[in-house]
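Please keep the sequence and the 3D view open while reading.

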Amino acid sequence: MTESSLITWLIFIPLITSFFTFIFPSAARVVSLIAATLISIILTLVLVELLTTGPMEHFVGGWRVPLGIRLHLDGLSGFMLTTTCVINTIIFFYAYEYFVSHPNAKLFWSLALILWSGLNALFLAADIFNLYVTLELLGLSAAGLTVLSGKKESLQAAIRYLVVGLLASGCYLLGVTLLYKGYGVLDLSMLADMMLPDLLSYAALALMSVALITKTA
């Protein structure tokens, strides 16, 4: 398994660009398309490296597990990243014309880029707490996108989404807490080696499964 810092840019490019589009709304459309192009190029380079050298990982800030944040890229995460990139790029090119005069165009580009960053981070996350953080980022940005039309129905839908999502997040976080209390680690590979088929593990698995099933809507 090789270590590559290139995968971090799949998270940071849309995240940094989202703030830029919010501060400079007049350039938001062009900057967002540039960001989509850059993400596509970097993802292509990463996938070529994945096919050449195998799974990759990166330790953010140089800190190793269990203290640091580990990003992991394999075939499944590469497929999910590619799917996300293709769909978001198509959406961005469609929105380029759709949001020419829309009053909430600035918010759309910022929230859509944050959503993209959260999805990439989710597929690269290698520990259960960062999975929780990225799920929350997705939920908040998706709720924001839901209300952009300004309609009453959209606001009601976003509130329901947030309430259900927060309840599910509580279940997931409780499961994370149980696993950390029982094993003292959050990294997925370390948990895979340490977990035992006991009541604590089953309880945590049930809570986290219920949370993710609830969030799928």
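Contact here means heavy atoms within 4.5 Å. Helices (H or I, at least four residues) and strands (E, at least two) are DSSP runs, numbered from the N terminus. The model is predicted, so local features need pLDDT of at least 70 and side-chain atom pairs count only at pLDDT 80 or more, while totals for chains, interfaces and linings use all residues. Residues are numbered from 1 along each chain as its sequence is written, and side-chain values use heavy atoms, with hydrogens and water left out.

Begin with the core. A nonpolar core is a set of buried Ala, Val, Leu, Ile, Met, Phe, Trp, Tyr and Cys residues joined through side-chain atoms within 4.5 Å. Buried means under 20% relative accessible area, exposed over 50%, and partly exposed in between, with a 1.4 Å probe and protein chains only. The largest nonpolar core has 48 residues, and the members that touch the most others are Leu 73, Phe 92 and Tyr 172. Two or more residues come from each of α1 (9–23), α2 (28–53), β3 (69–73), α3 (75–98), α4 (105–124), α5 (128–146), α6 (152–183) and α8 (199–215). Which of these elements gives the most to the core? It is α4, with 11 residues.

Two packed helices are described by the angle between their axes and the distance between the axes. Axes are lines fitted to C-alpha atoms, for helices over the stretch in contact, and angles run from 0 to 180 degrees between N-to-C directions. Angles under 35 degrees count as roughly parallel, over 145 as roughly antiparallel, 65 to 115 as roughly perpendicular and the rest as oblique.

Take α3 and α4. On the α3 side, the contact includes Ser 77, Met 80, Leu 81, Cys 85, Asn 88, Phe 92 and Tyr 96; on the α4 side it includes Phe 108, Trp 109, Ala 112, Trp 116, Asn 120 and Phe 123. For classes, Ala, Val, Leu, Ile, Met, Phe, Trp, Tyr, Cys and Pro count as nonpolar, Asp, Glu, Lys and Arg as charged, and the others, Gly among them, as polar. The α3 contact with α4 has 15 nonpolar, 5 polar and no charged residues. Beyond its neighbours within four places in sequence, Phe 92 is in contact with Trp 109, Ala 112, Leu 113 and Trp 116, and also with Ser 32, Leu 33 and Ala 36.

Leu 33 is found in helix α2 and is buried, with a relative accessible area of 13%. Outside the four places on either side in sequence, Leu 33 is in contact with Phe 92, Phe 93 and Tyr 96. Val 31 also has its place in helix α2, and counts as buried at 18% relative accessibility. With residues up to four places away in sequence not counted, Val 31 touches Thr 17, Phe 20 and Thr 21.

Next come α1 and α4, whose axes come within 8 Å and cross at roughly 165°. This pair is therefore roughly antiparallel as well. The crossing is left-handed, a term used if the near helix is turned anticlockwise from the far one by less than a right angle, with right-handed used if clockwise. Among the residues that meet are Leu 10, Ile 11, Pro 14 and Leu 15 in α1 and Lys 106, Leu 113, Ser 117 and Leu 124 in α4. By class, this contact has 12 nonpolar, 6 polar and 1 charged residues. Is Ser 117 buried or exposed? Ser 117 is buried, with a relative accessible area of 2%. Apart from neighbours within four places in sequence, Ser 117 is in contact with Ile 11, Pro 14 and Leu 15.

The axes of α4 and α5 come within 9 Å and cross at roughly 155°, which makes α4 roughly antiparallel to α5. The contact includes Leu 111, Leu 115 and Gly 118 of α4, with Leu 131, Leu 138 and Ala 142 of α5. Its residues divide into 14 nonpolar, 4 polar and no charged.

Finally, Tyr 172 lies in helix α6 and is buried, with a relative accessible area of 3%. Not counting residues up to four places away in sequence, Tyr 172 touches Ile 128, Leu 131, Tyr 132, Leu 207, Met 208, Ala 211 and Leu 212.
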